[in-house]
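Hi there,

Here's the structure I said I'd pass on. Have a look at it first, and then read my notes below.

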Amino acid sequence: MSLFDKVPACDSAPVEGRRGFLKGLVAAGALAIAPGVTLYKFAEAAGVSSAVRWGMLIDINKCEDGCSACVTACAEENGWRGHGNPRTDAQWIRKVTLTDKQTGFKKSLPVMCQHCAEPPCVYVCPTGASFKRADGIVLVDKHICIGCRYCMMACPYKARSFVHEDVDGQKPHAPRGKGTVESCTLCVHRVDEGRQPACVEACAKDGGHAFMFGDLNDPSSDISKQLAQYGATAIRGDLGVDPGVRYRGL
Amino acid sequence: MKRFAAIVIVLLTVAAGSAGAADWGVPFPSVPKAAAENCVRDTQFMRANHMELLLHQRDDTVHQGVRPKQTALTECLTCHAVKGGDGKPLTVKDPKHFCRACHDYAAVTIDCFSCHNSAPEAVNK
């Protein structure tokens, strides 16, 4: 029985004997290809395509020292909050202060999931829960996350958090629960609606207008033009993970 | 197993409808009415297959970014919301919550609401 119009039925009939087994193998191959083709077509129709790569440019010269508008906005938008335990509390975005040891010059900047093109968290995940969407957004599928936390260890940016406590009153668009790993989703629910991430909006409203969000693959987008004209730095660019979040003034 | 449990519920409910629960001498779940009728599929189909639809939808949404309003979990929860004494929608902590009404009866544990909010809008406790 097929429940869905767009998904082909994948009921595998029982096969008997060697000949049947071999036939079954051939059939299995065809099935494996058929859903793949369907998914590919479906992805095109849905609009989440690899033609787009979402990214952010953060000008840290505009990022004010005591300001944490982006962090507050993220927590409010996605419903994460502390339990008074800084070692284990979830933190999707945080302000990091860098100090130049020679001159004592201090600079504060926001760090969150860098949405790498070559994400180490995805490569180490044993269940496929940590994945990269076609448009470059790196996410955790909490339905299949087993909470092993390999991705947290693999991430060079310490961007991921593990939820230690029972969670109540989640935002409907940002489900989160005990025993799973989570991180910045680049406000995927907003991006799918054509809006900007909460941190970007908050910085433009209450902060120094340091964030720019856009399509890195589109040469005519504001972010691509800025990157082409002035360049920007990737944190730990030496790792070759090709982050989608770039910093200017680092 | 889920499918089997659902079929059992459907059969029991159908039986309850035709013969009347009292005749059987066994308790039946009292399923709260939804605000709309047959908005995704007909009732019998939904009773037997809602879990398949949810499973399908969740993968499409998380991985493909497909967010059709009609079959979104938030829409299910909005339409099937049961109001409490204070007029606010009940959460899954209350046995009268739509999902619990049947799932308690069938002794099928659902873990959707360990991550998802069980009320239509964020109800902070």
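In what order do the three strands of the open sheet in chain A lie? Keep in mind that this is a predicted model. The order is β8-β1-β9, and the pairing is mixed. At the edges you'll find β8 (211-215) and β9 (245-248) of chain A, each of which pairs on one side only. Going from one strand to the next, the twist averages 20°.

Next, zoom in on strand β1 (residues 54-59) of chain A. Four bridges join β1 to β9(A), and these two strands run parallel.

Now for a pair of helices. Helix α2 (residues 69-78) and helix α6 (residues 198-206), both in chain A, pack with their axes 8 Å apart, at an angle of about 135°. Angles of 65 to 115 degrees count as roughly perpendicular and those over 145 as roughly antiparallel, so α2(A) and α6(A) are oblique to each other. The crossing of α2(A) past α6(A) is right-handed.

Which residues meet there? From α2(A) come Ala69(A), Cys70(A), Ala73(A), Cys74(A) and Glu77(A). On the α6(A) side they meet Ala198(A), Cys199(A), Glu201(A), Ala202(A), Cys203(A) and Asp206(A). Sorted by type, the residues of this contact are eight nonpolar, three charged and no polar.

Cheers

Conventions:
Residues numbered from 1 in each chain as written. Chains lettered and ligands numbered in written order. Predicted model: local features only at pLDDT ≥ 70, side-chain atom pairs only at ≥ 80, totals over all residues. Axes fitted to C-alpha atoms, helices over the stretch in contact; angles between N-to-C directions. Parallel < 35°, antiparallel > 145°, perpendicular 65-115°, else oblique. Left-handed = near helix turned anticlockwise from the far one by under 90°. Contact = placed C-beta atoms within 7 Å. Nonpolar A, V, L, I, M, F, W, Y, C, P; charged D, E, K, R; others polar. Pairing = 2+ DSSP bridges.
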